[in-house]
Amino acid sequence: MSLTRADIENIARLARLELTEAEIPVYVDSLSKIFAFVGELDRAPTAGIDPMAHPMPGLAQRLRADEVTETNRRDTFQQNAPKVEAGLYLVPKVIE
Amino acid sequence: MSAPAPTVAALARGLAEGAFSSVELTRAYLERIAAAQPSLNAFITVTGESALKAAAEADAARAAGRAGRLTGVPIGHKDIFCTEGVLTTCGSKMLGNFVSPYDATIVSALRAAGTVMLGKLNMDEFAMGSSNETSHFGPVRNPWDTQMVPGGSSGGSAASVAARIVPAATATDTGGSIRQPAALCGVTGIKPTYGRCSRYGMIAFASSLDQAGLITVSAEDAALLLGPMSGFDPRDSTSVDSPVPDYTATLGDSLQGLTIGLVREFFDKGLDAACEQRIRDAIAVYEKLGAKVREVSCPNLPLSVPTYYVVAPAECSSNLARFDGVRFGHRCDSPKNLLDLYCRSRGEGFGAEVKRRIMTGTYVLSAGYYDAYYLKAQRVRQLISADFARAFKECDLLFGPTTPTPAFRIGAKCDDPITMYLNDIYTIGANLAGLPGMSIPCGFVDGLPIGLQIVGPHFSEARMLNVAHRYQQETDWHLKTPSAFA
């Protein structure tokens, strides 16, 4: 399987990753190799086999009651934020 | 200065007998860490001051008669585990300034057990790598030969235990990231059953595969530390509520009647002949100890690497979507608009391999490809899991090599991702099936260590540790130390 420059640009856009001009041909090459490699899976006999939903057989995702279990630690958490003001996370203007 | 004692078990005895205090011990390891850092680069952050404070508290607890088995024993944590008030980078520029506001469950559990944190260990960026070369903080070097890789992603954990600059270290394993570096550095590594140890506060890579574990000198040390790390955690939705045995209680059990299965697919043409010989030698030791050996087959196992390189990148692309340059982590300078903020912050903050995996995952989950790749891989995963289940009807544990070759040269496999990915060919199967796995040192090839891999049924950690311990009583491979760090 061979990917094109346009494929890589589209994947990067979906993944919200800006690539440099130099990176694009590197990923065209390596992702093409990766998809050729994982293409081996096509020959696996999976007819009638359900996709695995949990690595532990017989176990399903555990649910919990919808209760508030965390305390509000906004100020602590915002110490790691690049830009905050009055308890709000700041981003560039979204609506003009 | 030489290491105060070879194992956690010996250090714990020394502390209990008053041969040394935790402060003395901690100071000795901090000196060893500082001396080795220029040659190994095993640490990202050393927490000397808080370590000495915790050690003094441990000594005070002991004086007051409140000491447990591990009180005052220093350890290192892989930098994937959140540690409150301490830089937690996950080996990435993205988290280069992230000071965690909370502790991972296993970090607080090991602290409650009395251990003293020496610092945070280097690793492949977001645990994506098999050589520790993807770390934003530079590669870790193998203490047996500093031109060689230590393996990855828990390369800092393995190299520092091998060089005896920490007595033991936490680590994580998504596709072999505990067992492969343990093998390449000549130390003991255990990846427990999926769900055995809490993933809370362990920065997520591929959530259906990730599991916390340990890198230690001996199986006995792993047994001592695994108990406090294990158990149900309501904060991890995939944590399994199953009783935690005292892993040290059964270490000495007899191996009479044990049936070892040699997985035919592990002894393929990719396995280095000299490595194979060391594995066969180790199996001969087990036969002497009373184990029976039979060959078993897991015919779908050769598909484990391609399966993994669909499932793991898919989960990574969703997990790493949280790094948006808004709430924490790297943010680009003067973004033009919100999209530019996301794209440039992520483009600048993530390294080449992480971006490769995010894009691989984004593609396999994108419209029109989900069934062909992701669902297909999850079906193959079921086949691989069924192969293991069948094999365990014929034997108690599976044995094989941990890696196809000893450690390779730094830079040797950087240009071709597939060659790099194939390092984990023997380890990935256990992750796909959620099984526990170990690697224990079983000899050397050209001066570089080789690991024997043990894979067991779900929740068979006690039996695996027992089987590893009995081998380590018969052999001293695990006690060999690289001469530069003796």
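User: What share of the 96 residues of chain A counts as buried?

Analyst: In this predicted model, 17% of them do. The test for buried is 20 or more other C-beta atoms within 10 Å of a residue's own.

User: What makes up chain A, in helices and strands?

Analyst: Chain A has 3 helices and 2 strands. Along the sequence they follow the pattern α-α-α-β-β.

User: How do you know what span to expect for helix α2 of chain A?

Analyst: Count its residues: 23-38 makes 16. The rule is 1.5 Å times one less than that number. The expected span is 22 Å, and the helix reaches 22 Å from its first C-alpha to its last.

User: Which residues of α2(A) are buried, and why are they said to be on the same side?

Analyst: The buried ones are A:Y27, A:S30, A:L31, A:I34, A:F35 and A:V38. They cover an arc of only 135° around the axis, so they lie on the same side of α2(A). An α-helix has 3.6 residues a turn, so residues three or four places apart point the same way.

User: What covers the buried residues of α2(A)?

Analyst: The cover includes α1 (5-14) of chain A. It also includes α9 (304-319), α11 (352-364), α12 (370-394) and α13 (417-421) of chain B.

User: How many residues are in contact between chains A and B?

Analyst: 54 residues of chain B are in contact with 38 residues of chain A. Contact here requires C-beta atoms within 7 Å. On the chain B side, α9, α10 (338-349), α11, α12 and α13 each supply at least two residues. The largest share, 11 residues, comes from α12(B). By class, that side has 28 nonpolar, 17 polar and 9 charged residues.

User: What are the domains of chain B, and what separates their centres?

Analyst: The domain assignment gives domain 1 (8-258 + 461-485) and domain 2 (302-377). Their centres, taken over C-alpha atoms, are separated by 28 Å. The two domains still touch: the contact takes 20 residues from domain 1 of chain B and 17 residues from domain 2 of chain B. The domain 1 side divides into 9 nonpolar, 9 polar and 2 charged.

User: What makes one side of α1(B) the buried side?

Analyst: Start with the buried residues of this helix (8-17): B:V8, B:A9, B:L11, B:A12 and B:L15. They cover an arc of only 160° around the axis, which puts them on the same side of α1(B). These residues pack against α2 (22-40), β4 (168-173), β6 (211-216) and α7 (219-229) of chain B. Just after α1(B) comes B:G18, with a positive phi of about 80°.

User: Why does B:R164 count as buried?

Analyst: B:R164 has 23 C-beta neighbours inside 10 Å. The cut-off is 20 or more. Therefore B:R164 counts as buried. This residue lies in the loop between α5 (155-162) and β4 of chain B.

User: Which residues does B:R164 touch, leaving out those up to four places away in sequence?

Analyst: B:R164 touches B:A3, B:R32, B:T481 and B:F485. Take B:T481: 317 residues apart from B:R164 in sequence, 7.8 Å apart in space, C-alpha to C-alpha.

Conventions
Residues numbered from 1 in each chain as written. Chains lettered and ligands numbered in written order. Predicted model: local features only at pLDDT ≥ 70, side-chain atom pairs only at ≥ 80, totals over all residues. Helix = DSSP H or I, 4+ residues; strand = E, 2+ residues; numbered from the N terminus. Buried ≥ 20, exposed ≤ 12 C-beta atoms within 10 Å, placed from the backbone. Arc of directions from axis to C-beta. Nonpolar A, V, L, I, M, F, W, Y, C, P; charged D, E, K, R; others polar. Domains from an automatic or database assignment.
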